[in-house]
Amino acid sequence: MMVSLTARRLPRFAPLAIGAGAVAVAAGLSFGLGLGGPVMTGILAALLFVAALFGTAWRVEGSRAARNRVASALIYGAFVLAVIPLVSVMFTVVDKGWARLDGTFFGTSMNNISAFDAHGGAYHAIIGTLEQVGIAVLITVPLGILGAVYIVEYGRGKLASWIRFFVDVMTGIPSIVAGLFILAFWVMVVSPMFSADGAPTLSGFAASLALSVLMLPTVVRSTEEMLRLVPNELREGSYALGIPKWKTITKIVLPTAGPGIVTGVMLAIARAAGETAPVMLVAGVNSAIAFNPFESQSSLSYYVFDQATDSSKYAEPRAWAGALTLVAIVLTLTVVAKLLARRSKLSR
Amino acid sequence: MTSSTTTKPAAGAMLPRRRRFGAETIFRWLTTGAGTAVLVIIVAIATFLIAEAVPALRDNKENFFTYKEWFTGPADRKFGIAALAFGTVLSATIALLLAVPVALGIALFLSHYAPRRISTTLGFLIDLLAAVPSIVFGLWGRDYLVDPVKDLSAWLNEYMGWLPLFGGDGPFGKSVLLGSIVLAIMVLPIITSLSREVFMQTPKANEEAALALGATKWEMIRTSVLPYGRPGIIAAVLLGLGRALGETIALAMTLGTTFVISFNLVETGGNSIAANIANKFGEADDFGRGALIASGLVLFTITLIVNMTARAIVYRRREFR
Amino acid sequence: MAKRIEASGVTAYYGAFKAIDSVSMTIEPKSVTALIGPSGCGKSTFLRSINRMHEVLPGARVEGRLTVDHQDIYERDVDVTAVRRMIGMVFQRPNPFPTMSIFDNVVAGLRLNGVRGKAALEEAAEKALRGANLWNEVKDRLKKPGGGLSGGQQQRLCIARTIAVEPQIVLMDEPCSALDPISTLAIEDLISQLKDKYTIVIVTHNMQQAARVSDRTAFFSIEKTGDPGRLVEYDDTQKIFTNPAERKTEDYITGRFG
């Protein structure tokens, strides 16, 4: 028997034709028989398309090719399916957030704003977010970088591998647990020692501590990865000049890994800025402008939650404007961080 | 040849001695301290949560592990984790069932189907979506996803109501289904981005070996890409699970806040440990806070186990390389 | 003021694996000594033992005695950084610091060892770059990144960086293996000039190179994979390449082995 090197193939327009047919049949069934609306049509069309594609491909091209076609269809389909909600989220945030994105929003707080007032803003919340995240950065960056230096440059044996393991595990601690921890530790045990009346104090600083717990593993992890990318030849080149190890690390290794470390820190900031739960538990609620982080403060993400659960009809536009601002801040940070990472000289 | 040398060279020719408490030693201790801080924090979390939870647990009038409701007012001090823990696991499981196949599909699309330039850009966008705060997803889910899901629930109830999952008589709205779909959308970018990285690392030699045997693209993926990536996929899924179990705000805004153990996905209902903390915290007194901290301790333990399993899998794989 | 190196019974380990066994040899000042031998024979390990770079790798350690002008560099309490300042090293692959300019690379060692003052640094940089035959090529772009140079220029930059700290001994670990023939020639020329001031020890895979640049040659070998490397023969280069005493050396040099 002669082996043929050419196989029968479906014409190139076949998938498209099958798709069009599937949509038509699905629309007919959904609307004609009253099974459902446009959503139903979409689901039905997808099922019909896969079944029909498989059937025709099987008959013309054989079973292996048919499976290959269905797999491709499902893989492309997965992508389209995921794009719909994600695009919808982004569109909605911009569309709804735009309405209240005005000077008042960025210039005033919610102090003395009643349910019947249309204005009111998020100035106090933005201040809170900036201060809380800023303090958290001051805490986590030195600690995180030194920790990563330990893991990569000094750590040997059991202790180092335990630390490595628990840094990874700590990355997965839920933000609400970090909030509860700071509540149980700082607010209930430590803060009464500092307050005049011995009562627990909720404060922006407590929120910073909770955010630090969340940021620390991210900073350690990304710094660690960057330090590992620094070629060993550089360290040896420096040692061979008689430069002590600690100077090699601070003057050669860390600057080389610098851009990558900055990227990691920015990604950690982006995540921390979006956290609502810990702020809700330990920052206290303050609708007025408060610059002192040792008093109760709000934050942008908590502001969104607060306004979204408020029954006033003016609250919802404020919530969306806050969400848009938050998304803008977080995405800007992320984009800049990723672009910086691309420019970095170190690469995998 | 070295007969003239003694163990101690002449004083003038001595090499400088090492300093015992020099900058090097100080720096090493500094870094060791910073590294150890991580372990200290983990231990401190467990310690302080236990310390604050014990008084509330002692005064609890019901069994913490089997009781379903949550009353912490002065009159009625009884609370239990049963319904909350069940709800947490249920919504996270449904979310993963929805998200994992789609996420793996997108990851394969990005690693092996889309043209290189498009795939880099789309991969970048997926990473961006992983950064969108959960409050935004929660708000969107509560205001915009609720109606389509209500329709879907009604439809499922009408045609597949014989399944306990979709049974009941309504009303439909804030339900486990809604919460799970929002969760699924949130963990999707995380699982996608991790598994995409794993798929892209498949050795070219393995893929070419499969193709050289005459495999179709899908067969190549099944014989080389998926087996190679299996530990990575498992780890990505478990990390997504950890994230879903701990999600707070999005679920507080989309679940129906009931305290029952039920597999019904479509009727108003559903709850989770984290969402319950967010919902009850405002009205809680000292006792109530202790009770919520006790529930947080349970959540901490669950996520710790999930994450440690995920990491153990990743680490074991690393040894094979 | 170049210095004499005396090794007696130097044995080096990677964890449990013994890489070289009891190497004893004396390296004369102001000479070029080549270490040759098949892959895995321990010649690089021995080289790295001379400036205590071997112990940088986890689990690596050295036994025996290694003295430089009668000072034991492995004695307890000796400051490792001082040893390395005295004994410079050039690596197989050029490794300029990527975040630094050409100038900063050359003076990196001086700066990190505490030398300040612009004039002093500039003078030292010019001297080192001239010493490395690189000055004329880079004098107009000292502020440009070192990574922008060609491979051969980068390697000479690394040599400049090494001699800028004014060591007494320069170790070279296959310095030309990543370079093209013309750059290799430039480095070989440089080595012959440097021996007027420094004691030079060079590891090379290239026997012509050993014959061209060195005064004395040490041949290292191993019995079989997994065995430690041993010093087989050490003599004047002339003699090693024309009339070696050991059969093994002859086999290796004539290409019958290795």
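These legends describe close-up views of a predicted model.

**View 1. Confidence along chain A.** Chain A has a mean pLDDT of 86. In this chain, 96% of the residues reach 70 or more. Which helix of chain A has the lowest mean pLDDT among its elements, and which the highest? Helix α4, residues 103–107, has the lowest, at 81. Helix α5, residues 123–154, has the highest, at 94. Where pLDDT is low, predicted coordinates should not be read in detail.

**View 2. The contact between chains A and B.** Chain A brings 76 residues to this contact, and chain B brings 68. On the chain A side, helix α3 (residues 63–97) gives the most, with 19 residues. That side of chain A holds 56 nonpolar residues. Another 14 are polar, and six are charged.

**View 3. The contact between chains A and C.** Here 18 residues come from chain A and 23 residues from chain C. Two helices of chain A, α9 (232–239) and α10 (245–273), each supply at least two residues of the side that touches chain C. By class, this side of chain A has nine nonpolar, three polar and six charged residues.

**View 4. The build of chain B.** Chain B has 10 helices and two strands. What is the radius of gyration of chain B? It is 27 Å, whereas a compact globule of 321 residues would have a value near 20 Å. The C-alpha atoms of chain B fill a box of roughly 100 × 65 × 30 Å along the principal axes. Of the 321 residues in chain B, 47% are buried. Take the contacts in chain B between residues at least 6 apart in sequence: 75% of them join residues at least 24 apart.

**View 5. An open sheet in chain C.** Four strands of chain C line up in the order β2-β1-β4-β5. The sheet is open, and its pairing is antiparallel. Strands β2 (17–27) and β5 (71–72) of chain C stand at the edges. Each has a single partner strand, so one side of each is left without a neighbour in the sheet. Strand β4 (residues 60–68) of chain C is joined to β5(C) by two bridges. C:Val68 has C:Gln71, in β5(C), as its bridge partner.

**View 6. A helix across the strands of chain C.** Helix α1 of chain C spans residues 43–50. This helix lies across β1 (5–14), β2 and β4 of chain C. Helix α1(C) runs at about 115° to β1(C).

View 7. Are the residues of strand β9 (residues 216–221) of chain C buried or exposed? Six of the six are buried, so β9(C) is largely enclosed by the rest of the structure. In a regular strand, side chains alternate between the two faces of the sheet. C:Arg216, C:Ala218 and C:Phe220 point one way from β9(C). C:Thr217, C:Phe219 and C:Ser221 point the other way. Strand β3 (residues 32–36) of chain C pairs with β9(C) in the parallel sense, over four bridges. One of the residues involved is C:Leu35, whose bridge partner in β9(C) is C:Ala218. Strand β10 (residues 230–236) of chain C runs antiparallel to β9(C), joined by six bridges. C:Phe220 has C:Leu231, in β10(C), as its bridge partner.

Key: Residues are numbered from 1 along each chain as its sequence is written. Chains are lettered from A and ligands numbered from 1 in the order in which they are written. This is a predicted model: local features need pLDDT of at least 70, side-chain atom pairs count only at pLDDT 80 or more; totals for chains, interfaces and linings use all residues. Two strands pair if DSSP finds at least two bridges between them. Two residues are in contact if their C-beta atoms, placed from the backbone, lie within 7 Å. Axes are lines fitted to C-alpha atoms, for helices over the stretch in contact, and angles run from 0 to 180 degrees between N-to-C directions. Ala, Val, Leu, Ile, Met, Phe, Trp, Tyr, Cys and Pro count as nonpolar, Asp, Glu, Lys and Arg as charged, and the others, Gly among them, as polar. pLDDT is the predictor's confidence in each residue, from 0 to 100. A residue is buried if 20 or more other C-beta atoms lie within 10 Å of its own, exposed if 12 or fewer, and partly exposed in between; C-beta atoms are placed from the backbone. The radius of gyration is taken over C-alpha atoms; the globule rule is 2.2 Å times the number of residues to the power 0.38.
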